[in-house]
Amino acid sequence: MSSRLRVDLPGAPGVYRFRDGGGRVLYIGRATNLRSRVGSYWGDLKDRRHLRRMVPQVERVEAVVCASVHEAAWLERNLLERSKPRWNRIRGGMEVPFSIRVSPSKVELVHWRPGTEAGEHFGPYLGGTQARLAVSGLERMLPLRYTDERLDGGLRDLARIRGVRPEDRDAMRATITAVLRREAGAIEAVRVGLALLRDRASGNLAFELAGRIQQEIEALDWIVAEQRVTLLSRAPDLDIYGYADGLLVRFQVRGGRLDRWEQRAGSLASARRYLDRTPPEWFEFATRNAELARLLN
């Protein structure tokens, strides 16, 4: 089984699901590289006794390719919050979800609540460490808090040293907002600026600082990666369908969260009325994953 899976599964981020001979879901997991991660279950499991008991029961593998590792993390969480298979230990996930709030003179991390209205809030993002590092990187390049006209003496001196004035507030806020909206030019400008600061720190033998800035760059990449399976605010419920060579795949979005994934055999004629319901912006996602389902079926 593992040899075939290494051929059929792409080396892309996604979510995988194991089923037993009766069709019951045994386990749901996520991967940075689906081919490598799933193939590892048929390698040396060493002291992972619970997996050694589960793997012989696996009769079928299903998978969904995601646009990013961050999207895969959210999809895994959504699926596990809806239903926890026997071999999963935790319902949902261990990461805490956050959003980033941009006020007139502050960028801050806040706990995400489903239904949060967009506007000055962005996200949601999984993982407090990554989200905090991303905010730290944004503040390093765009110190919005120093534009406040009511700074106390110490912060006012720091603002003067950094050359930040209240008049810079609108431009800084606009750039931060553009980054969080995933605008390519703004993201690249911040990433390049951080890379220059990292290299300067390294050149000055400040390796701890250089390492910290590198972490901020990686965290920035995490939060700006494409992620559509969990939305900040509630969106209309919808069903997404893909079809490939006799197999219809359905994804369910409820309350702004893609939280159900199923597939069944059928003819193109019978699938047509479902395919017509799929929004155009989801067509490529649905088709790609229907084709993968066909390969694995």
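## Working through a predicted model

H7 and H8 sit roughly perpendicular to each other. Keep in mind that this is a predicted model. Let's work through some exercises on it.

**Exercise 1. At roughly what angle do the axes of H7 and H8 cross, and which residues meet there?**

Step one: find the two helices. H7 covers residues 169-180 and H8 covers residues 184-203.

Step two: look at their axes, which come within 7 Å and cross at roughly 105°. Angles of 65 to 115 degrees count as roughly perpendicular, so that is the label for H7 and H8.

Step three: pick out the residues. From H7 come Thr-175, Ala-178 and Val-179, and they meet Ala-186, Ile-187 and Val-190 of H8. Sorted by class, this contact has 5 nonpolar residues, 1 polar one and no charged ones.

**Exercise 2. Find the loops that hold Arg-182 and Leu-205, and say how exposed each residue is.**

Step one: start with Arg-182, in the loop between H7 and H8. Its phi is positive, about 65°, although Arg-182 is not a glycine. With a relative accessible area of 36%, Arg-182 is partly exposed.

Step two: move on to Leu-205, in the loop between H8 and helix H9 (207-224). Leu-205 has a positive phi too, near 65°. Its relative accessibility is 63%, so Leu-205 counts as exposed, the cut-off being over 50%.

Step three: ask what makes these phi values stand out. Most residues other than glycine have a negative phi.

**Exercise 3. Which residues does a cis peptide bond join?**

Step one: go to strand S6 (residues 121-126), where you'll find Pro-124.

Step two: check the bond between Gly-123 and Pro-124. It is cis, with omega at about 0°. Most peptide bonds, by contrast, are trans.

**Exercise 4. What lines the largest pocket?**

Step one: get the volume, about 310 Å³. There are 20 lining residues, and the closest to the centre are Tyr-27, Glu-76, Asn-88, Arg-89 and Ile-90.

Step two: trace the lining back to its elements. Strand S2 (25-31), helix H3 (49-54) and helix H4 (69-82) each supply at least two residues, and H4 gives the most, with 4.

Step three: sort the lining by class, which gives 9 nonpolar, 4 polar and 7 charged residues.

**Exercise 5. How many helices and strands does the chain have, and what percentage of its residues is buried?**

Step one: count the elements, 11 helices and 9 strands.

Step two: look at burial. Of the 297 residues, 48% are buried.

Note on methods. Residues are numbered from 1 along each chain as its sequence is written. This is a predicted model: local features need pLDDT of at least 70, side-chain atom pairs count only at pLDDT 80 or more; totals for chains, interfaces and linings use all residues. Side-chain values use heavy atoms; hydrogens and water are left out. Axes are lines fitted to C-alpha atoms, for helices over the stretch in contact, and angles run from 0 to 180 degrees between N-to-C directions. Angles under 35 degrees count as roughly parallel, over 145 as roughly antiparallel, 65 to 115 as roughly perpendicular and the rest as oblique. Contact means heavy atoms within 4.5 Å. Ala, Val, Leu, Ile, Met, Phe, Trp, Tyr, Cys and Pro count as nonpolar, Asp, Glu, Lys and Arg as charged, and the others, Gly among them, as polar. On a 1 Å grid over the protein atoms alone, a cavity is a set of points where a 1.4 Å probe fits but cannot get out, and a pocket is an open set with protein on both sides within 12 Å along at least five of seven lines; lining residues have an atom within 4 Å of a point. Grid points are joined across faces, edges and corners, and a volume is the space filled by probe spheres set on the points. Buried means under 20% relative accessible area, exposed over 50%, partly exposed in between (1.4 Å probe, protein chains only).
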